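Please keep the sequence and structure in view while reading.

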Amino acid sequence: MESIVEKRSFQVDSKGYYGSFGGAFIPEMLYPNVEELRENYLQIISDPSFQKEYSDLLRDYVGRPTPLYRANRLSEKYKTNIFLKREDLCHTGAHKVNNTIGQILMAQRLGKKRIVAETGAGQHGVATATVCALMDLECVVYMGELDIERQAPNVARMKMLGAEVRPATCGSRTLKDATNEAMRHWINNPVDTHYIIGSVVGPHPYPDMVARFQSIISEEIRWQLKQHTGSETPDYVLACVGGGSNAAGAFYHFLSEENVRLVAIEAAGMGVNSGHSAATTALGKPGVLHGSRTILMQTEDGQVTEPFSISAGLDYPGIGPQHAYLYDSGRGTFMSATDEEAVQAAFELTRYEGIIPALESAHALAVLGRLGASENETVVVNLSGRGDKDMGTFMKYID
Ligand SMILES: *Cc1c(COP(=O)(O)O)cnc(C)c1O
């Protein structure tokens, strides 16, 4: 018998909310920009000429579909069936380009001449500078002064690609300060500039728009898994969460199938209770960060707490509003992995499968032993990026 209970929805509602999370908490000055985007984004995305250009570029430029690879030796070790979604094979080395390709096409259709973006480790900055070179648009990337020092190779890449890298000199001089600066820049250049945000965060419609651009990941997983196993749905989907864009993309087409367990892995840093952690749901409370109501790490009086993780891509004090809702509603399972566990998992994957993962992605691999998946179950791990950029860190563990 057909259930009379309506399926729960985990997608954004017409007002920009996921449950009580989301919305657009923005200064008056930003309103015209965000409103212009909100009014146009769905229509632009559904336009056949947009869809064709987007999917052609994903195929010929990004290299999609990325493979879904059955990791045989890892499966044997954990006594379950492990598949890796190989986002590490995307052009520029991670899933982030799926979003920047979508947003650059969006910016063109909105008639924008210039792009502004924020970046932490520089991965999103590189993905943004890449598509700006491709489309011949001016590109300004804000990056914390401290991160500029720590991530010299990515700064060089952005400059080679023609972007202007501007230091954010306020606060802790890291990602959240760069985000503040990028938003300020956008306020001051509302007519000709589009802001390419790098994750499923920010004011509505950004979280939904970015999730749609990343949803290609789970769209491909479904047909690829069917080819491998005969079934489109796995028992588990695992993804690391910084802001949450690779996880949002990997979860997207499974959200309404509640027998598929969606597992988000946060960075515990030196330990959840060590004072040096980025495990947002374990430590955070509801509040407003970068334009949306979500869960974030904050002090008693609401000041944002400095996050910590060995992996720069997970070093963010909040998560996207959809993830806050997945956590709050129980639809998502939230776990965490420490720096140490992530490094170990990165070496394990490298020695078992010959794949060097990004430190971020290694956090997702680190919970395989604690998942409780059985022999006849299927686990898909979203391998969000490759480890080339992390060799400096890995080298410290090789004697
Ligand atoms: C940026 C990044 C992440 C974290 O960002 P999300 O928006 O949470 O996906 C994860 N993995 C890699 C490889 C990254 O570059």
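A polar contact is a pair of N or O atoms within 3.5 Å; within protein, one must be able to donate a hydrogen and the other to accept it, and residues adjacent in sequence count only if both atoms are side-chain atoms. The model is predicted: local features need pLDDT of at least 70, side-chain atom pairs count only at pLDDT 80 or more, and totals for chains, interfaces and linings use all residues. Numbering starts from 1 along each chain as its sequence is written, and side-chain values use heavy atoms, with hydrogens and water left out.

In the side chain of Lys-96, an N or O atom lies 2.7 Å from an oxygen atom of the ligand. Gly-244 places a backbone N or O atom 2.7 Å from a ligand oxygen atom, while a side-chain N or O atom of Ser-384 is 2.7 Å from a nitrogen atom of the ligand. The protein buries 96% of the 380 Å² that the ligand exposes when taken alone (accessible areas by the Shrake-Rupley method with a 1.4 Å probe).

The shell around the ligand comprises five nonpolar, eleven polar and two charged residues, with Gly counted as polar and Asp, Glu, Lys and Arg as charged. At least three shell residues come from each of domain 1 (25-57 + 96-209) and domain 2 (65-94 + 215-397), bounds that derive from an automatic or database domain assignment.

The C-alpha centres of domain 1 and domain 2 are 23 Å apart. Contact (heavy atoms within 4.5 Å) joins 23 residues of domain 1 to 26 residues of domain 2.
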